[in-house]
Amino acid sequence: MNPSAQGWIKKLLQDISDNSTFLSTDKALYYEALRGCGFIYGSNLDIVLGVIEKKDLTEEEISKTNLFLSLLYTHHHSKSDINFTDSAIDFYTVINELKTSFFQELLGGKKSSEQLEKIIHKRIQIDANVLTKNFKYFIINALLYIDVLAYQEYLKNNSISINYLKNIEASIEAIIMDVLNSKLSINEYDNSLIKLFESSLRYHNSKPLEYQTAINHFKSAQEKSYILDLACMATWTDKKIDKNEQRFLIQLGTDLEIVKDRIKDSISSVNQFYSVNKNNIALLSSKNIVQSFYNNSSKMVTKLISRNSKRLYKELKDSKELMVLLSQSTVRDLNDEEQKKVQEQLLDIFKSIPSLAIFMLPGGALLLPLVIKFIPKLLPSAFDENRIED
């Protein structure tokens, strides 16, 4: 299943047809699973409840999958008579009407799983420029769980108020910004987190909400748990939550009327998640921007090569000179003339493979050394990962 190619929703539904027991998971346990895999914190590191294997999925692809599974789970527990795909598209249609043109070009016409794929893809994007993404700490929207809460509200009432969406986003913004801006010193982590939240918001109020007003907007247990977990994430600046921060979180939980054990669990969970996964979360990494670019680009190039290996392998076999040079590059450094030949011939090949068109973009040639590095590992593999056999 490849969430970056058309047909992934149908393929995913087929893959989980024999393992749909996750739909009967208790709501509190399902939320804990979303938190454990990073979806709640905006750092998707695994598929919720291990519904399918993560394999080589990128964080963006895991995010798509987790959002889809959570919407499906929410629909299942609503007992709605409307088909899930139609219901989800109707929901995002309403959201679009509340915020003009967000999904405008994707809506209208016959509803289909392909249309829902495009909506979900659009929903998780912050920056559509794939090269620029590699220079950013975050490429995933941090507030995707709001969609799950809003979809639940939509299914309950067969409609959703613009005030619900505005209030919950404004309340999250007020509390999180209050947490971050109240710190004695703001470091790189805090600045990145502020930018992440700001870029994740769809509804911006010119006037920030007062703390108590924000607290009053959280009604359900899920909403309250969510804002507490986000606050815990915001306080985890220096890789620990100190006593003053713990007091703030305990007071926040008390104001939200959350029991003490649940407050302690929220603090403990964020400590465990970030401590265990600190090396896999860009926000917590001490790598400089060049190293971050290299690492993210390596992952992207590896994925592109593996997913296009069948076509690429065939094209390479037909280019004997290029094959010789690539083979030699594994045992010696190519001279300038040879490197130029490799670059030109690779770009010619990439023209014939749409998925590799990224290398044709301005700046794409910067990634070619990574391509040359990974090509020796190239093995033939199936190309259409989302094909469903009749």
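User: Leaving aside neighbours within four places in sequence, which residues is Tyr226 in contact with?

Analyst: This is a predicted model, in which local features need pLDDT of at least 70 and side-chain atom pairs count only at pLDDT 80 or more, while totals for chains, interfaces and linings use all residues. Residues are numbered from 1 along each chain as its sequence is written, and side-chain values use heavy atoms, with hydrogens and water left out. With contact taken as heavy atoms within 4.5 Å, Tyr226 meets Tyr31, Ile40, Ala142, Leu143, Leu144, Tyr145, Ile146, Leu149 and Ile172.

User: Which residues touch the most other members of the largest nonpolar core?

Analyst: They are Phe68, Leu69, Ile172 and Tyr226, in a core of 86 residues. Such a core is a set of buried Ala, Val, Leu, Ile, Met, Phe, Trp, Tyr and Cys residues joined through side-chain atoms within 4.5 Å. Helix α8 (residues 162–181) gives the most to this core, namely 10 residues.

User: Why are α11 and α13 called oblique to each other?

Analyst: Helix α11 (residues 221–235) packs against helix α13 (residues 260–277) at an angle of about 45°, their axes being 9 Å apart. Angles under 35 degrees count as roughly parallel, over 145 as roughly antiparallel, 65 to 115 as roughly perpendicular and the rest as oblique; α11 and α13 are therefore oblique. By class, their contact has 7 nonpolar, 2 polar and 2 charged residues, where Ala, Val, Leu, Ile, Met, Phe, Trp, Tyr, Cys and Pro count as nonpolar, Asp, Glu, Lys and Arg as charged, and the others, Gly among them, as polar.

User: What makes α2 and α3 roughly antiparallel?

Analyst: Helix α2 (residues 27–36) and helix α3 (residues 59–78) pack at about 175°, with axes 12 Å apart. That angle falls in the class over 145 degrees, and the pair is therefore roughly antiparallel. Lys27, Tyr30 and Leu34 of α2 make the contact with Leu69, Ser70, Tyr73 and His77 of α3.

User: How do you know that Leu49 is partly exposed, and why does Glu257 count as exposed?

Analyst: Buried means under 20% relative accessible area, exposed over 50%, and partly exposed in between (1.4 Å probe, protein chains only). Leu49, in the loop between α2 and α3, has 43% and is therefore partly exposed. Glu257, in the loop between α12 (243–255) and α13, has 68% relative accessibility and so counts as exposed. Leu49 has a positive phi of about 60° although it is not a glycine, and phi of Glu257, also a residue other than glycine, is near 65°.

How values were computed: Axes are lines fitted to C-alpha atoms, for helices over the stretch in contact, and angles run from 0 to 180 degrees between N-to-C directions. Helices (H or I, at least four residues) and strands (E, at least two) are DSSP runs, numbered from the N terminus.
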